[in-house]
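Grab a pencil and have a look at the model first.

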Amino acid sequence: MTIPTVSRAALGSWRMAARPVWLSWALRDVALPFVVTRALLAFVGVLSIAALPISPWVSAAWTRPVAGPLFDAFSRWDGFRYLAIAANGYPASDPASAAFFPLYPVLVRSLAVLTGGAHGAGLEVAAVIVSNVALLGAVSALIALCRLDYGSSVASRASWYLLLFPTSFFLSAVYADSLFLALSLGAMLCARRDHWLLAGALGALATLTRPFGFVVALPIAVEAFLRWREGERSWRPIAGLALVPLALGGYMAWLGWHFGDPLAFVHAQEGWHRSLSGPWEGFFRTLSGPLTMNRLPHSAVDLVAAILTLGLVAAGWKLLRPSYALFLTALVLLPLSTGTLGSLMRFDASFFPIFVILALAGRSRAFDRVYVLLGAGVGAMLMALFAQWYWVA
């Protein structure tokens, strides 16, 4: 029996035919929604700085212009913490800084040094660039992951829905959210394609971006178990998974040496009124006081966001692969188990299974239209508030 071969000419023609297909979805599903949504957010941010009053909740020292309205609009609240770490590292006198994991400020510092701008404005510009490059990578990985199971139309919607999500501006801001999203998506995509060592390496990097980043080990472990049950026996999934706790353990060891407390990142949460509790405690605390539209902890917005998020978790167990559903469940339960509903709607923007669920629901034309209109409208409003230092999430 002879094995058919492919001539170089035929291979070359196939590559030429495939290239426009790849280029078309890269432009249509990655570049177009990214440019449209980021341009809208940037316009709203700059306009808000020019036209809206600054929030009375912040001091004048915080609101000094740094790199101009275009970049300043995306550098608020926790962004100052990340920039301070990128500039000066972790001060031994400030163990609360341990809550801000190191990978994002390291990348920001590295880019700023390479471009010769390792100072206030240069660091801010570098941070916005890092966030948006990570977001582009996240969108590309989300599309590739959705195409494995659901086809091109769902993948395209997932891209748009992610970028139109009401708190997606955090993915372009001086926050580590988009970096975590990109790395967790990359780890999941590698696991689905049986690249276990790379999946573990990306999972380890995700662990170094957020306090709950280590949860990325769960979906990788589920995918490895599914392959094992199908009869695939290999040491690579175990070796890849081992990289995640090693990354967390390495950071904890450094915290123990630097601050004398390997759990400094956990204890730092007390400064934001977070402590380990049942996932229902945040709901009880919110409902026990007057619901307002203002600041935490009694926020009607946070309550609605938490209820909708739990609805998505329930839907995930029906619509998604077990690994995705477990990942989303753990990602939601961890912040809910800190005694507050605060910031959950910001975290949602970096939980990729949410956008797979929403894209599947988007098969309904009515849902699609409502989501796009609400996402764009609410997102623009929240961006305007964020740009002028109003607390959003």
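**Exercise 1.** How many residues apart are Glu223 and Arg227 in helix H9?

Before you start: this is a predicted model, where local features need pLDDT of at least 70, side-chain atom pairs count only at pLDDT 80 or more, and totals for chains, interfaces and linings use all residues. Residues are numbered from 1 along each chain as its sequence is written, and side-chain values use heavy atoms, leaving out hydrogens and water.

*Solution.* 
- Step 1: Find helix H9, residues 217-229 (helices are DSSP runs of H or I, at least four residues, numbered from the N terminus).
- Step 2: Glu223 and Arg227 sit 4 residues apart there, about one helical turn.
- Step 3: They form a salt bridge, with the closest N and O atoms 2.9 Å apart (a side-chain nitrogen of Lys or Arg within 4 Å of a carboxyl oxygen of Asp or Glu).

**Exercise 2.** Work out what Arg321 and Glu223 tie together.

*Solution.* 
- Step 1: The side chains of Arg321 and Glu223 meet in a salt bridge of 2.8 Å, N to O.
- Step 2: Arg321 is in the loop between helix H13 (300-319) and helix H14 (322-336), while Glu223 is in helix H9, so the pair ties together parts 98 residues apart in sequence.
- Step 3: Check accessibility: Arg321 is partly exposed at 21% relative accessible area, whereas Glu223 is buried at 0% (buried is under 20%, exposed over 50%, partly exposed in between, with a 1.4 Å probe and protein chains only).

Definitions and conventions:
Helices (H or I, at least four residues) and strands (E, at least two) are DSSP runs, numbered from the N terminus.
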